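The structure is shown first, and the discussion follows.

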Amino acid sequence: MSGRATRTEPRERLISADSHVLEPPHLWTTYMERKFHDKVPRVVPDGEGGEAWQFAPDVPPAPIGIYASAGRSHDQICWTGVTFAQANPGNFRGGPRLEEQDADGIDAEVLFGSARMMSHFYSDPDPEFHLAGVRAYNDWLAQEIMSVDPQRLVGLACMPALSVEAAIAEMERCLALGFRGVWLNTMPSVGSAIRPEDDPFWDAAQSNGVAVHFHVRVMRTIQKPRPKGVRGDDLIGLASVGAANMIIDMGEIIQSGVHDRFPDLTWVMVEAGSGWIPYLLEQLDDRWHRNRSWLPVKLEHEPSFYYRRNWRSTFMIDRYAVENRHRLGVENILFATDYPHHGCDWPHTRRVVAELFEGVPADERAKMCAGNAAALYRLG
Amino acid sequence: MQSTTGRDYRIISADSHTVEPPDLWDKWLEKKYLDTAPKLVSDGAGGDAWLYMGATTPEPLGLVTCVGTRPEQLRWTGAKYGETIHPSCYDGAERLKIMDEDGVDAEMLYPPQRAMLTFMKNKDTDAHLAGIRAYNRWLKDGFCAPDPARLVGIFQTPNVGIETSVKELQRAKKEGYRGVAISAWPSGGDQLRPEDDPFWEAAAEVDMPVSIHLLLAASQTKTVASKAAAVAIGASAFALTMPLITEMIFQGVFDRFPKLRMAAVETGVGWIPHFLEMTDDRYWRNRHHAGVKIKKVPSEYFRDNWLATFIVDRNGISVRHQVGIENMSWSTDFPHHGNDWPYSRKTIDELFADVPAAEREKIVCTNAARFWGLMQ
């Protein structure tokens, strides 16, 4: 295609439904009261020329390298050796983030933080500290990132893992600040699986008209942040489709009957990929048909019905999902870059999108690349 | 391909099951270990249930003994040996008759996992071994004896250390078993490690295929699940198999033992093209910093070293060329609650309506026959 043809065509809108921020060194001491400062995570040298988050004195520091790897060639991506000063500044500053979006040709991003960072607060025995940490993240995101351009920097409010009441209160506080949805790491009542005690939260989210998001997994127990960068933990996570947990979680949530009670609530599974979904839906339906007479929870519809009505999923490189978009539902899947994590192709996302969606009709492509996200987050 | 048994094969179930006969342990387990064996008790609803060692609630049998059971009759409880439980569940001669009614020529037979685990969780390794050996003896000399060309018993590997795992595998080969199943990594670790290599080496050397039935139940932590979600968990259990496959590939097991053949059983196949695409993409991105040193692209190891089995999987059949026509095998799961007896042929006709005959033949018969040595 000639340069001229490119210029005269209207520019295709592109929204990443899953991108990340890297919490900056000043976040916790700026946004949390002084009395908590002795327990907040702090930035320390990673021992290899880079920087790392130290969560607690007895936990090995977690280097930031891999989370700030955008733009590096694959053989330059490393867990260690990267400082905050070397990372793209848009990792943690709104203004530069817009420039980085422009460099990549991205119109807007939905922003997630670090679940491992949050589990530092979740695992603390003091509920006041726990809540203060969650609120600090949300306040920082609202004041330093979203405020720069709320249409392009779409914030989701991180939920505490304390109780349904605490989660509802934080959701409502954040929605008033301009957040466009909520990011849950645990079930709101902090059970090991979805249960009726969670219902008031789903009710409140549905009434507020916002979607609930799970990123990669639902934490079934709260654990202290573990060091990363050691074999065993990583390879599975990096190489075997982050989906593994969410596959089980989604089936379990659908089977719980929650969608009959809250038919208008939308659930988004993030960074779990999408290509596996048609297989799972067929299996869920087949097994539901065979077993529904004895199952204790009576569903009003077959499981795949609820997926189509209530679920969305994000995907990065997933050619199989794009090929199978009609089985997945063109309106159920949302493209994402994962910027600035190691799954992204910044600043070459446009080229990736061109390859990924080759042969897909323009109207379908527009939905997956932007329209579905624009509708979900009410972006202009 | 030629039959190695003198029998013709047209339909083979690559994943079926045995159920313990009520007198299995009394007859086949050494007397001194009888107190460690599962006990048959009432399920409290008119049926039988096995009380496994260490358990407080007995496990009923309704959903693992479904022979022509209609969906609305499915219940966990109420199934009773000698009355409602069809003898084909635990008696080989009876199984052959019922296979004839269904049109199934041969079945690969997997052990009742709850019973195996009761022994495998026993801290007393002698009792552990005795229980597993009793099952394997009954499988071969009891259940499968009426026609070993049709009843193909998959040997249960014990979990008491790498030396025993290797010796048992070699013994299984010598005694004529056509496949082994593992319920833990062969050296008993929480994760795959180099200490497991002697087992892979032995399996490759004697050409014994190794099956993983969904997960490594003796070591893999099962996700907490409510009863209500049991069906969903069954549908999504392949999520527990995926990391096992990638671990073996990324740790270079197939580079060291290229002839090793693995089966992922009851996992379904429709998810595999997505899985392979993701695994390859992440391999290319992360191989440097993750220190992955393998000779081929991950998906190539799946194609060269793995077979996966499915029950009803229209999606998987429609994407069979992306799964690999030779990497998938149909199964009934008989007599578990996913089976369509006595209508398996009808199920196959529906599933394969648009599939060329040569491809269908591989998936419903010859892939499994070749994999477990019934044809060559």
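## Helix packing in chain B

Helix axes here are lines fitted to C-alpha atoms over the stretch in contact, and the angles between them run from 0 to 180 degrees between N-to-C directions. In this predicted model, helix α10 of chain B (residues 272–286) packs against helix α11 of chain B (residues 298–305) at an angle of about 140°, the two axes lying 7 Å apart. Angles over 145 degrees would count as roughly antiparallel and those from 65 to 115 as roughly perpendicular, so α10(B) is oblique to α11(B).

On the α10(B) side, the contact is formed by B:Leu276, B:Thr279, B:Asp280 and B:Tyr283, while α11(B) contributes B:Pro298, B:Ser299 and B:Phe302. Sorted by class, the residues of this contact are four nonpolar, two polar and one charged.

## Overall form of chain B

Chain B contains 15 helices and 12 strands. Its radius of gyration is 20 Å, close to the 21 Å that the globule rule gives for 376 residues, so chain B is as compact as a globular protein of that length. The C-alpha trace of chain B spans about 60 × 50 × 45 Å along its principal axes.

Of the 376 residues in chain B, 54% are buried. Among contacts in chain B between residues at least 6 apart in sequence, 72% join residues at least 24 apart.

## Contact between the chains

Between the two chains, 52 residues of chain A are in contact with 50 residues of chain B. On the side of chain A that touches chain B, at least two residues each come from α8 (233–239), α9 (244–255), α11 (277–291) and α13 (319–323) of chain A, and α11(A) gives the most, with 12 residues. The residues of that side comprise 27 nonpolar, 15 polar and 10 charged.

Definitions and conventions
Residues numbered from 1 in each chain as written. Chains lettered and ligands numbered in written order. Predicted model: local features only at pLDDT ≥ 70, side-chain atom pairs only at ≥ 80, totals over all residues. Contact = placed C-beta atoms within 7 Å. Helix = DSSP H or I, 4+ residues; strand = E, 2+ residues; numbered from the N terminus. Nonpolar A, V, L, I, M, F, W, Y, C, P; charged D, E, K, R; others polar. Parallel < 35°, antiparallel > 145°, perpendicular 65-115°, else oblique. Rg over C-alpha atoms; globule rule 2.2 N^0.38 Å. Buried ≥ 20, exposed ≤ 12 C-beta atoms within 10 Å, placed from the backbone.
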